[in-house]
Amino acid sequence: SIKIIELLSDILGYIMDNKRNLVKLSEEIEYTEKYIEIELIKKNYSFDVEWNIEAIQDCYVIKMILQPIVENAIYHGIRYLRNQRGIIQINVNTENDYLVISVVDNGNEIDEAAIENINELLMKSSINDSGHIGLRNVNERIKIAYGDTYGCKLIRNNDKTECKVILPYSVGDGKYDKKHI
């Protein structure tokens with residue numbers, strides 16, 4: 001479809017712009033929405049997305065951290081649902097001095113042991129495991145940029161899986177480059 005080609009072209013331009021490693025949260029959300037639109041078209045609008053965003057879109061985040069988390073929710077969560085409609089909730093808020101991005105899906109159950117295993121892998125500085133590439137990549141980029149206080153964590157609660165991303169709440173000119181982000 002022409003719409004998918006247009007959306008992919010926009011996303012590719014965003015990814016290939018390597019002059020900027022930090023982007024406004026509003027821009028990260030915009031390109032994640034384009035990715036979601038592609039997935040909705042491909043999957044015949046078979047799932048819903050709910051956005052809950054506080055008015056904090058002037059803060060800066062590392063580019064391409066939200067889309068891989070949403071992709072995980074689609075491909076590891078709601079993809080195999082048969083008896084209910086998939087729902088992905090994307091929540092963005094602040095807690096103290098942290099920016100918290102949370103992606104929740106009502107997809108396939110993942111047991112506590114698997115979640116603990118993934119969280120243990122995420123705590124290690126380098127993971128040789130071939131799975132969880134998108135989540136691992138996002139987590140490692142966050143830790144390199146901001147330190148071990150920040151990163152991703154999986155949580156299973158009330159038949160839902162949540163990926164919680166903790167970042168510093170950074171507002172300014174977007175030139176915050178602590179390390180190679």
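**A short tour of a predicted chain**

Let's begin with Asn158, which is exposed at 65% relative accessibility; exposed means over 50% relative accessible area, buried means under 20%, and partly exposed is in between, using a 1.4 Å probe and protein chains only. Asn158 sits in the loop between strand S6 (151-157) and strand S7 (160-168). Its phi is near 50°, a positive value in a residue other than glycine.

Before going on, a word on where this comes from: this is a predicted model, where local features need pLDDT of at least 70 and side-chain atom pairs count only at pLDDT 80 or more, while totals for chains, interfaces and linings use all residues. Residues are numbered from 1 along each chain as its sequence is written, and side-chain values use heavy atoms, with hydrogens and water left out.

Asn44 lies in the loop between H2 and strand S2 (47-53), and with 65% relative accessibility Asn44 counts as exposed.

Now the overall layout. The chain has 5 helices and 8 strands; these are DSSP runs, with helices being H or I of at least four residues and strands E of at least two, numbered from the N terminus. Reading from the N terminus, the order is α-β-α-β-β-α-β-β-α-α-β-β-β. Of the 181 residues, 44% are buried. And among contacts between residues at least 6 apart in sequence, 69% join residues at least 24 apart, where contact means heavy atoms within 4.5 Å.

On to the helix pairs. How do H2 and H3 pack? Helix H2 (residues 25-42) and H3 meet at an angle of about 25°, with axes 9 Å apart. Axes are lines fitted to C-alpha atoms, for helices over the stretch in contact, and angles run from 0 to 180 degrees between N-to-C directions. H2 and H3 are therefore roughly parallel; the cut-offs are under 35 degrees for roughly parallel, over 145 for roughly antiparallel, 65 to 115 for roughly perpendicular, and oblique for the rest. Among the residues that meet are Ile29 and Ile36 in H2, and Val70 and Ile74 in H3. By class, this contact of H2 with H3 has 7 nonpolar, 2 polar and 4 charged residues. Here Ala, Val, Leu, Ile, Met, Phe, Trp, Tyr, Cys and Pro count as nonpolar, Asp, Glu, Lys and Arg as charged, and the others, Gly among them, as polar.

Helix H3 (residues 66-77) packs with helix H5 (residues 133-146) at about 155°, with their axes 9 Å apart, so H3 and H5 are roughly antiparallel. Pro68, Ile69 and Asn72 in H3 meet Gly134, Leu135 and Val138 in H5. That contact of H3 with H5 divides into 4 nonpolar, 2 polar and no charged residues.

Leaving aside neighbours within four places in sequence, Ile115 is in contact with Ile110, Leu154, Ile155 and Arg156.

Finally, the cysteines. How many disulfides are there? The count is 0, taking a disulfide as a pair of cysteine sulfur atoms within 2.5 Å. Cys152 is in no disulfide, and its nearest cysteine sulfur, that of Cys163, is 4.7 Å away. Cys152 is buried, with a relative accessible area of 10%, and Cys59 is buried too, at 0%.
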